[in-house]
Amino acid sequence: MRTMKADYDARARKRPVNLCLNEDLVNQAKGLTDNLSQVVESLLSEYLARARDERLAKSKAVQSTVSMWNEFNSKSGSISDEYSSLWRRS
């Protein structure tokens with residue numbers, strides 16, 4: 001498993017935010033850590049890194065598909081050419 005790179009300013013000022021979290025989960029987490037805010041911040045950073053990686057992978061897959069299609073189209077012509085009256089020669 002790869003380590004997620006923190007892609008944010010870790011020195012940025014902290015500010016309070018309102019979250020609605022399951023009370024039982026919060027109580028259990030507080031029993032395991034004395035800094036719940038840091039745990040949530042770390043998990044949020046990991047979530048963002050994963051989401052960015054997934055978005056980048058999807059974008060690369062789309063670009064690869066477009067490139068393959070364009071290459072096929074330039075070699076073979078468009079599949080619709082034989083049916084289009086715009087490209088028929090008289």
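Biologist: Which class does W69 fall into at 45% relative accessibility: buried, partly exposed or exposed?

Modeller: This is a predicted model, in which local features need pLDDT of at least 70, side-chain atom pairs count only at pLDDT 80 or more, and totals for chains, interfaces and linings use all residues. Residues are numbered from 1 along each chain as its sequence is written, and side-chain values use heavy atoms, with hydrogens and water left out. Buried is under 20% relative accessible area, exposed is over 50%, and partly exposed lies in between (1.4 Å probe, protein chains only). At 45%, W69 is therefore partly exposed.

Biologist: How many aromatic pairs are there, and is the pair of W69 and F72 stacked, edge-to-face or tilted?

Modeller: Rings of Phe, Tyr and Trp (its six-membered ring) pair if their centres lie within 6.5 Å; planes under 30 degrees apart are stacked, over 60 edge-to-face, and the rest tilted. The count by this rule is 1. The ring centres of W69 and F72 are 5.4 Å apart and the planes stand at 35°, so this pair is tilted.

Biologist: What separates W69 and F72 along helix α2?

Modeller: Helices are DSSP runs of H or I with at least four residues, strands are runs of E with at least two, and both are numbered from the N terminus. An α-helix has 3.6 residues a turn, so residues three or four places apart point the same way. F72 is partly exposed at 37% relative accessibility. W69 and F72 are 3 residues apart in α2 (residues 36-76), a separation of about one helical turn.

Biologist: How many helices and strands does the protein chain have, and how many residues of α1 are buried?

Modeller: The chain comes to 2 helices and 0 strands. Of its 90 residues, 4% count as buried. Helix α1 (residues 23-32) is hardly covered, and among its 10 residues the number buried is 1.

Biologist: What is the N to O distance between E71 and K75?

Modeller: E71 and K75 are 4 residues apart in α2, so about one helical turn separates them. E71 is partly exposed at 44%, whereas K75 is exposed at 66%. Their side chains meet in a salt bridge at 3.0 Å.

Biologist: What is the closest N and O distance between R11 and D9?

Modeller: R11 is exposed at 77% relative accessibility, and D9 is partly exposed at 44%. Their salt bridge has its closest N and O atoms apart by 3.7 Å.

Conventions: A salt bridge is a side-chain nitrogen of Lys or Arg within 4 Å of a carboxyl oxygen of Asp or Glu.
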